[in-house]
Amino acid sequence: MPQIQLNGTSIYYETYGTGVPVVFIHDHLTSHHLFEPQIEYFRDRVQVIVLDLRGNGLSGKMDVEVHRILDTQCEDLKELLRRLELLSVILVASSGGGVLAQKFAVQNPELVRALVLVDNCSNGNDSMKNNRIWGIIERCSWISYYLPPELLLRSLRIAYNKWLPAYHILRNELLHKRPTEGIKQRIALRQIDILAYAVKLQVPVLCVTGSQNEWRLAQASKNASMLPSAQLVVLDDAMYPSHLCQPQHFNRLLLNFLIDQHAIHQRESGL
């Protein structure tokens, strides 16, 4: 298995294809498997790089203080790109992974050519963020992280009855979750004012979300409105993760974005 030792831990990654490098970044409590349909679709069109962030999937432990988690994961990503000799990449990130992607792009503008933020959340100055009652509710929800996965599979199956490919991937992620490290990442994400990074982004940004979750739609709209050069696309009949609920539509959308950014030529896109 492709694992490298860096910054005191092991990072699992996979690479496919050749061409412009596109790096896919998963959400917390998931892994690189979150992008299986995208790996299959894009591996013959671009160079696909997927990885498990520190504390997730097959990578090493989250052995840093909570306030250092995102900085450390950014450092891991930068070192991985250096080891792979990648000088400029396009980042495609899901939900909380989008926070990491924006932070990384602001800190390393020379390395990021464009961003695609999928189901991204805008937690900066959110009134719920500082609401004491909401904080208690959120902490209580963390108990579910430690419940046996089998207890949650029925609810997951019902929720994703319309989107079975998404269900099967999320089921696998649930069965291999790392709850303590997932909670640490969730706390770390709450401490970041992502809007402070969003307004500094100077690269093209595509924001994508689904129509079936009003809260995520509002969050993605808020985040897109703060980005200097962003477009927001809403996928019909999709909820988180929208790229799994509507993989064909998302893949074509991402492909067109790559063509628009001159990352690939239309004659090479397979259209």
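**Entry 1: strands**

Before I start, a definition: two strands pair if DSSP finds at least two bridges between them. I'm working from a predicted model here.

I looked at the start of the chain first. Strand β1 covers residues 3–6, and strand β2 covers residues 9–16. The two run antiparallel and pair over 4 bridges. Which residue of β2 is the bridge partner of I4? I found that I4 is bridged to I11.

Then I followed the side chains along β1. They alternate: I4 and L6 point to one face and are buried.

**Entry 2: salt bridges**

Side chains of opposite charge can pair when their charged atoms come close. How many salt bridges does the structure hold? I got 9.

I started with E79, in helix α2 (residues 69–83). E79 forms a salt bridge with R82, and the closest N and O atoms are 2.7 Å apart. R82 sits 3 residues from E79 in that helix, about one turn. E79 also bridges to R83, again with the closest N and O atoms 2.7 Å apart. R83 is in α2 too, 4 residues from E79, which is also about one turn of the helix.

Is E79 buried or exposed? Its relative accessibility is 17%, and buried means under 20%, so E79 counts as buried. R82 has a relative accessible area of 54%, so I wrote it down as exposed. R83 is at 39%, so it goes down as partly exposed.

K162 is exposed at 55% relative accessible area, and D237 is partly exposed at 28%.

I also noted a network: salt bridges with shared partners join R68, D71, E75 and K103.

**Entry 3: aromatic pairs**

I counted 3 aromatic pairs. One of them is F24 with F35, which is tilted, at 5.1 Å centre to centre and 50° between the planes. F24 is in strand β3 (residues 21–25), and F35 is in the loop between β3 and α1 (36–42). That puts them 11 residues apart, and the pair links distant parts of the chain. F24 and F35 are both buried.

Another pair is Y160 with W163. I have this one down as edge-to-face, with 6.2 Å between centres and 65° between the planes. Y160 and W163 are buried as well.

**Entry 4: a pocket**

Rolling a probe the size of a water molecule over the atoms shows where empty space is left. I looked up the second largest pocket, which holds about 190 Å³ of space. How many residues line it? There are 17, and S31, G57, L58, E173 and H176 lie nearest its centre. Helices α6 (164–175) and α7 (179–190) are the elements that give two or more residues to this lining.

Last, I sorted the lining by class: 2 residues are nonpolar, 11 are polar and 4 are charged.

Definitions and conventions. Residues are numbered from 1 along each chain as its sequence is written. This is a predicted model: local features need pLDDT of at least 70, side-chain atom pairs count only at pLDDT 80 or more; totals for chains, interfaces and linings use all residues. Side-chain values use heavy atoms; hydrogens and water are left out. On a 1 Å grid over the protein atoms alone, a cavity is a set of points where a 1.4 Å probe fits but cannot get out, and a pocket is an open set with protein on both sides within 12 Å along at least five of seven lines; lining residues have an atom within 4 Å of a point. Grid points are joined across faces, edges and corners, and a volume is the space filled by probe spheres set on the points. Ala, Val, Leu, Ile, Met, Phe, Trp, Tyr, Cys and Pro count as nonpolar, Asp, Glu, Lys and Arg as charged, and the others, Gly among them, as polar. Buried means under 20% relative accessible area, exposed over 50%, partly exposed in between (1.4 Å probe, protein chains only). A salt bridge is a side-chain nitrogen of Lys or Arg within 4 Å of a carboxyl oxygen of Asp or Glu. Rings of Phe, Tyr and Trp (its six-membered ring) pair if their centres lie within 6.5 Å; planes under 30 degrees apart count as stacked, over 60 as edge-to-face and the rest as tilted.
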